Amino acid sequence: MRALLCLAVLFTTFGGAHAQTVVRVGLFPNVTHAQALVAKNLGAEGQGWFEQRLGPGTRIEWFVYNAGPSAMEAIFARSIDFTYVGPSPAVNAYARANGRDVRIVAGAMRGGEALVVRGDNIKNIEDFRGKAIATPQLGNTQDVECRAWLINHGIRVTLIGGDARVLPTANPDILSLFQQGQLDAAWTVEPWVSRLVAEAGGRIFFEPENAVTTVLAGREEFLRTNPELARKFVAAHHELTQWIREHPDEAQRRVRDELSLLSRKEIPLALIQQAWARLRFDDTISVEPFQSFLDQARLVGFLRAKIDLSNLLWSPQ
């Protein structure tokens, strides 16, 4: 009897483990990923936003990346199923995969990025010649935007030099190098924009207020094989975006708490509130912004072939 009982327990545990559905989601430690930060924070308190809406036995695993190209590599490696990401790495990955592997399932954020300069040395665009400008990662949204913006204003940039140097650098390192005077400018996102201004003597030179900064991307194979689960996940994202709009104070507190945990440093709530003013929560999406990012990627030399974007956006059937 005792042996039979042990076998029954083992069978239940084994069966229960296999009954659980895990959805793996990427995010960055940026305020522009507020939906993910709020959901992750709620999950740590046993109030998982997505878990409650995806059904019993569903668990969310969160994976943190510094910038978009790393998250796209995780999509290709089948390490994650969804990720909050900038539009440029998403469309570049789609192009790299010849229209496969990556789909955009929803918008998330507009605004919350800026070109910040140090001190008063840069007063006009010509002053960027000979300067060092940091971006979060080679090929991420701000990196492509920065290079395209400089080229469009007559300042030649290449991967290794040019009239100005664009230096892909992780956001925490951007702040410390800015403070040390080793960078002249940085094109990045919140909360790093506000931190550069508040902690490193930065000044906002240019702010593309309505630019798409974050979208929700999905792994095409996951969407195809789990259409109902994917539909519920995207619906929960839309619901969460609306909840954040309606509860900004609690959302800001949860973003602050989660960023403090991820950075292992207490983030002032006032910093999050300052960054929040630059954000526009927008979960709608269309193909037009991605065409612009494709054009920018071609301009800076990251892409050459023409890409058909007709399959980029995914919606539940």
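Guide: Rings of Phe, Tyr and Trp (its six-membered ring) form a pair if their centres lie within 6.5 Å; planes under 30 degrees apart are stacked, over 60 edge-to-face, and the rest tilted. By that rule, ring pairs link F50, W62, F82, F222 and F233 into a cluster. This is a predicted model, in which local features need pLDDT of at least 70 and side-chain atom pairs count only at pLDDT 80 or more, while totals for chains, interfaces and linings use all residues. Residues are numbered from 1 along each chain as its sequence is written, and side-chain values use heavy atoms, with hydrogens and water left out.

The structure holds twelve aromatic pairs. One of them joins F50 and W62, which are tilted, with 6.3 Å from centre to centre and 55° between the planes. Because F50 lies in helix α3 (residues 49–54) and W62 in strand β2 (residues 58–64), this pair ties together parts that are twelve residues apart in sequence. Helices (H or I, at least four residues) and strands (E, at least two) are DSSP runs, numbered from the N terminus. Both F50 and W62 are buried; buried means under 20% relative accessible area, exposed over 50%, and partly exposed in between (1.4 Å probe, protein chains only).

A further pair consists of W149 and F205: the ring centres are 6.2 Å apart and the planes stand at 85°, so the pair is edge-to-face. It links distant parts of the chain, W149 in helix α6 (residues 141–152) and F205 in strand β9 (residues 202–206), 56 residues apart. W149 is buried, with a relative accessible area of 11%, whereas F205 is partly exposed, at 23%.
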